[in-house]
Amino acid sequence: LGEVCDQPMAVIGIAASSKRGASLYLKTISARGGNPQLVVPRSESGVDEIVSSIDALMLTGGPDIDPWQYQEDRNPEAGLELDPKRDQFEMGLLRSALDRHMPVLAICRGMQLLNVVLGGKLIQDLPNHRAGPAAEDRESAYHRIYISPGSRLGAIIGAGGFVRVNSRHHQGLREAQKASSLIASAYSLDDGIIEAVESPDYDWVIGVQWHPEREDEMPKGFSNLFQGFLERAETFSEKSRASD
């Protein structure tokens with residue numbers, strides 16, 4: 001018989017459109033000892049039931065968020081590709097996770113969704129950004145950003161100041177669109193687009209506009225983001241078991 005693990009692996013709910021779209025996220029969590037569970041809009045379980053079965057929530061890249069969700073009309077020139085069903089489903093997941101003070105890592109579209117759920121808006125189309133949602137087969141663009149050295153993000157990845165990251169989005173937010181309860185912890189040097197946010201109101205809620213799961217495109221220290229996320233998920237799991 002094999003050894004019995006003293007501590008069960010933290011279960012990470014990974015919200016995505018499909019298994020193919022989530023493949024890199026699933027691989028990244030598995031490689032670090034987590035237990036990734038794919039969560040898609042057609043999941044049979046209800047939102048609260050799903051969230052009660054996981055220890056942390058990861059929101060991934062994908063199609064644009066319907067402007068209706070932040071009380072704006074759709075811009076016909078923006079080239080939007082929408083999935084309203086996914087919007088509704090993931091907004092419910094996120095609200096349930098926040099109610100539980102569960103760790104949340106929100107990536108690209110996920111960061112935008114986090115901002116909208118907390119009362120912010122989005123810029124529907126950014127000039128000079130690669131258009132369309134994060135299609136798996138196209139190449140990433142790159143740009144330089146500034147990370148606040150005093151931010152939680154900077155402490156986790158062990159880097160502040162100027163760094164180069166990948167870019168696969170055509171929507172985003174500046175200060176005017178940012179939810180008032182979020183703190184911007186990174187900016188693009190090119191156009192002032194917010195590249196990362198974090199919440200002071202919750203234990204561990206971080207959003208990044210780039211794609212850290214594409215590890216070969218990122219500075220080495222950025223992989224610490226996943227390790228920090230998993231460590232906080234394990235802490236959340238321990239607290240949950242202790243309260244049962």
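Q: Is glutamine 71 buried or exposed?
A: A residue is called buried under 20% relative accessible area, exposed over 50%, and partly exposed in between (1.4 Å probe, protein chains only). Glutamine 71 has a relative accessible area of 65%, and therefore it is exposed. The model is predicted: local features need pLDDT of at least 70, and side-chain atom pairs count only at pLDDT 80 or more, whereas totals for chains, interfaces and linings use all residues. Residues are numbered from 1 along each chain as its sequence is written, and side-chain values use heavy atoms, with hydrogens and water left out.

Q: How many strands does the open sheet have, and what is their order?
A: Two strands pair if DSSP finds at least two bridges between them. Here nine strands form an open sheet with mixed pairing, in the order S2-S1-S3-S4-S9-S8-S7-S5-S6. Strand S2 (35–39) and strand S6 (161–167) each have a single partner strand, so one side of each is left without a neighbour in the sheet. On average, neighbouring strands of this sheet are turned by 20° against each other, direction ignored.

Q: Which strands run parallel, and which run antiparallel?
A: S3 and S4 run parallel and are joined by three bridges. Leucine 59 stands opposite alanine 106 in S4. Strand S7 (residues 183–188) and strand S8 (residues 194–198) run antiparallel, with four bridges between them. The bridge partner of tyrosine 187 in S8 is isoleucine 194.

Q: Which strands does helix H1 lie across?
A: Angles run from 0 to 180 degrees between N-to-C directions, with axes fitted as lines to C-alpha atoms, for helices over the stretch in contact; contact means heavy atoms within 4.5 Å. Helix H1 (residues 23–31) lies across strand S1 (11–15), S2, strand S3 (56–59) and strand S4 (104–107), and runs at about 160° to S2. Helix H3 (residues 84–99) also packs on the sheet, where it touches S1, S2, S3, S4 and strand S9 (205–208). The direction of H3 makes about 150° with that of S3.

Q: Which way do the residues of S4 point?
A: Val104 and Ala106 point one way from S4, Leu105 and Ile107 point the other way, and all are buried. Leucine 105 has a relative accessible area of 0%, and therefore it is buried. Leaving aside neighbours within four places in sequence, the residues in contact with leucine 105 include Leu57, Trp204, Ile206 and Phe229.

Q: How many residues of helix H4 are buried?
A: Helix H4 (residues 109–117) is mostly covered, with nine of its nine residues buried. Among them are Arg109, Gln112 and Asn115. The buried residues of H4 pack against S3, H3, S4, S8 and S9. Just after H4, glycine 119 takes a positive phi of about 105°.

Methods: Helices (H or I, at least four residues) and strands (E, at least two) are DSSP runs, numbered from the N terminus.
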